[in-house]
Amino acid sequence: MKELLLIPGPTPVQEDVLEAMSEPVISHTSPEFANILKETLSFVKELFGAKNGFPFVITGSGTLGMEMALTNIVGENESVLVVSHGYFGDRFEELAKHIGIDVDKIKPVAGEHIDLEIVRQKLKEKHYTALTLTHVDTSTGVLADVESVSKIIQEVSPETLFVVDGVCATGGVREEFDNWKIDVILTGSQKALATPPGLTLLAFSQRAIEKRKSIKPRTYYGDILKWMPVMEDGTKYFATPSVNLFFALHQSLKDIFEMGLENYFKKHEDLARRVRNAFNEVGLTLVAKRPAPTLSVFLYPEGIDDKTFRGKLKEKGVVVANTLAELYGKGFRMGHMGSVTKDELLVAVTKIVETFEELGYKVNKGKVIEAFLS
Ligand code: PMP
C-alpha cells in the first residue's frame, strides 16, 4: 500500500519529479547542467521575492542553510539574537553556541507569537550582528510576523542583519526578501517545494555578501565566496552537486511556476482552512495562535495515546508526525503542503476520524467531512 505521507516534510513527490530524478547522471560542469542550474536559480529568486538577492542552491539539508547563514555573516566576538517560536528556532541558538557565537534567545510559550515589544527592547539593549527568525516553526506551527519584525529592526537597529529560516514556509506562503529587507533567507527542498530532501536554497543580500568579505568564515564547504562563481556559471567547479536532485528541484519548480506562485499560495491557504475546519468539528485544539498555511499542530483530546493513535493511523496508510519538545506525546503534526491534494487530505481526515472512533473518542464523522468540504 502506498502511504500518504503527511508529516511536515519530507512531503510527497510527484511522478514527473521522480522521473526527472531518475534521468541519467550528466557531468556537473556540462552546459546542460549549467542551464538547469541557471533556470533553477531564477525560480529561487522569484520564490523568495528576491530580485536583489544573490541565490544559491547547495547540496545539503536545511540545517546546512542555517549554518551557512550564520557562518558567513557573524564574525569573532559578535552576537546574535534568536527569536524562537519552537524547536527549530532553538536550533539557531544551539548552532550559534556550537560554533562559538555569543547568542541571546527570546521565546514565547509554545503556540504564542513573540511580543514585538520584547524584540524592540532587546535590540535597544545590545548590539546584535544578526537576528534570526523562523518563518514557520515546524514544531508549533506558528507563522512568524516577518514583516513586523523587519520593521522593528529597521527602526531600532538597521545595521543588524536579518536572517529568515523559510524551511517550512517557502513556496507555501509569500516571502518578500527585498521588501522585508531580509539579508539571508534559506529553505529546504523537502517541504512546500515537493522535492526529495537534500538541497538547501538561499539568498544573500549585497550587504550580507560584503559582511562575509570582511570576516573569516567558520566554514569551508559552506563559504558563499566559494559558491558564488558556480552559481554565476554552472560550468565552474567548487564541490560536486547532487546532479539528479537538481533535476528534481528544477522539475518541481517548473510545475509550481506553471501553476503560478499566487495560485500555489492560495492552494495552501485553502487546504489549511479545510483541515482546520474539519478538526475544529472533531474538537481538537490548534497549538498555534497564528497558524501557518503549511502544517497544523493539534493537541489530542483527553485519553488519546500518541503512539497508539499514530500506529493505528499508519496501518490505514496515513503517516502524521509526533509533536516535539515540551509538546511531545501531547498531539500530532500534519503537513498540508507541497503537492498534496484536497482529495488526499479528505482521505486522511476520514481515516483520522475513524482512528479516533476506534480509540473510543466520539466524533460526528458526517459533520467533520461536511466541514472539510465547505
Ligand atoms: N528549520 C525548520 C523550520 C525545519 O522545519 C527544519 C526541518 N524540519 C529545519 C530547519 C532543518 O532542516 P533539515 O532537517 O532539512 O536539516
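The largest pocket is lined by 18 residues, and K2, E3, L4, P12 and E344 are those that lie nearest its centre. Here a pocket is an open set of points on a 1 Å grid over the protein atoms alone, with protein on both sides within 12 Å along at least five of seven lines, and lining residues have an atom within 4 Å of a point. The structure is a predicted model, in which local features need pLDDT of at least 70 and side-chain atom pairs count only at pLDDT 80 or more, whereas totals for chains, interfaces and linings use all residues. Residues are numbered from 1 along each chain as its sequence is written, and side-chain values use heavy atoms, with hydrogens and water left out.

The space in the largest pocket amounts to about 340 Å³, a volume being the space filled by probe spheres set on grid points that are joined across faces, edges and corners. Its lining receives at least two residues from each of β1 (4–5), α1 (15–21) and α12 (342–358). These elements are DSSP runs numbered from the N terminus, with helices (H or I) of at least four residues and strands (E) of at least two. The largest share, three residues, comes from α12. By class, eight nonpolar, four polar and six charged residues form the lining of the largest pocket. In this division Ala, Val, Leu, Ile, Met, Phe, Trp, Tyr, Cys and Pro count as nonpolar, Asp, Glu, Lys and Arg as charged, and the others, Gly among them, as polar.

The second largest pocket contains about 240 Å³ of space. It is lined by 18 residues, with F88, R91, V167, Q190 and K191 lying nearest its centre. The elements that contribute two or more residues to this lining are α3 and α4. Eight residues of the lining of the second largest pocket are nonpolar, seven are polar and three are charged.

The second largest pocket is also the space taken by the ligand, where a molecule is assigned to a pocket if more than half of its atoms lie within 2 Å of the grid points. Around the ligand there are 13 residues, of which S61, T63, T138, D165 and K191 come nearest; a residue belongs to this shell if one of its heavy atoms lies within 4 Å of the molecule. Both α3 (62–73) and α4 (87–98) supply at least two residues of the shell, and α3 gives the most, with three residues. The shell comprises four nonpolar, six polar and three charged residues.

An N or O atom in the side chain of T138 is 2.4 Å from an oxygen atom of the ligand. For S61, the distance from a polar side-chain atom to a ligand oxygen atom is 2.5 Å. At G62, a backbone N or O atom lies 2.9 Å from an oxygen atom of the ligand. The protein covers 87% of the 390 Å² of accessible area that the ligand has on its own, as computed by the Shrake-Rupley method with a 1.4 Å probe.

Rolling a probe the size of a water molecule over the atoms shows where empty space is left. A cavity is a set of points where a 1.4 Å probe fits but cannot get out, and two cavities of 30 Å³ or more are counted. The largest cavity holds about 50 Å³ of space. Its lining includes H28, F33, L37, W227, V230 and Y237, and α2 (31–48) and α8 (224–232) each supply at least two of the lining residues. Eight of the residues lining the largest cavity are nonpolar, two are polar and one is charged. The second largest cavity, with a volume of about 40 Å³, is lined by G86, Y87, A110, S139, T140, L324, A325, E326 and L327. Its lining divides into five nonpolar, three polar and one charged residues.

Two features of the backbone remain. Most residues other than glycine have a negative phi, and most peptide bonds are trans. The peptide bond from G9 to P10 is cis, with omega near 0 degrees, and P10 is placed in the loop between β1 and α1. A194, although not a glycine, has a positive phi of about 50 degrees; this residue lies in the loop between β9 (184–188) and β10 (199–204).

Technical notes: Polar contact = N/O pair within 3.5 Å; in protein donor to acceptor, adjacent residues only side chain to side chain.
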